[in-house]
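Trainee: Could we go through this model together, one question at a time?
Mentor: Gladly, here it is.

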Amino acid sequence: CVRGSLARGDLARCELCTSALTELQIVYQDTETQDLISLLVDGVCDVVPIFDCVNYLEVYLNTVSQSVLQLNVTAQCESLGACESSAGTELRGVDKCVVCAKVADLVINTLKNPTLEAGVEAALNTLCD
């Protein structure tokens, strides 16, 4: 995070959060993203000895995708402290870099799976060597 790169105040913090999560949803809906995910699944399953690999990854990634697409952006940003709660409780003093890190952690944790992570790394190492 670069401090001072956004206008100060709650509105900038809230806009950053909602924009980031909305963009994540848009990316997940994109046909090119879905094609890339399919290629990634094929690449991972070519090198990782997981029983019923393609089916396993497709089910897992579909669950992640549905979670992202069904995410209530406003509620999630409120729970992260980036936006004023609809109940009227304003969370002041939250550093936008902390919010940025929390949003990044949310995305990473949503997509993180030790088996998948190792498989992706192995596939990329194989493809990039």
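Trainee: In which helix does Val41 lie?
Mentor: First, a word on the source: this is a predicted model, where local features need pLDDT of at least 70, side-chain atom pairs count only at pLDDT 80 or more, and totals for chains, interfaces and linings use all residues. Residues are numbered from 1 along each chain as its sequence is written, and side-chain values use heavy atoms, with hydrogens and water left out. Helices are DSSP runs (H or I, at least four residues), numbered from the N terminus. The run at residues 31-47 holds Val41, and that is helix H2.

Trainee: Is Val41 buried or exposed?
Mentor: Buried means under 20% relative accessible area, exposed over 50%, and partly exposed in between (1.4 Å probe, protein chains only). Val41 has a relative accessible area of 4%, so Val41 is buried.

Trainee: Which residues does Val41 touch, not counting those up to four places away in sequence?
Mentor: Contact means heavy atoms within 4.5 Å. By that rule, Val41 touches Val54, Leu57, Glu58 and Leu61.

Trainee: Why are the buried residues of H3 on the same side?
Mentor: The buried residues in H3 are Cys53, Leu57, Tyr60, Leu61, Val64, Ser65 and Val68. The arc is taken from the directions from the helix axis to the C-beta atoms. These residues are on the same side of H3 because they cover an arc of only 135 degrees around the axis.

Trainee: Which element has the highest mean pLDDT?
Mentor: pLDDT is the predictor's confidence in each residue, from 0 to 100. Helix H6 (residues 114-128) has the lowest mean among the elements of the protein chain, 65. The highest, 90, belongs to helix H4 (residues 73-79).

Terms used:
Helix = DSSP H or I, 4+ residues; strand = E, 2+ residues; numbered from the N terminus.
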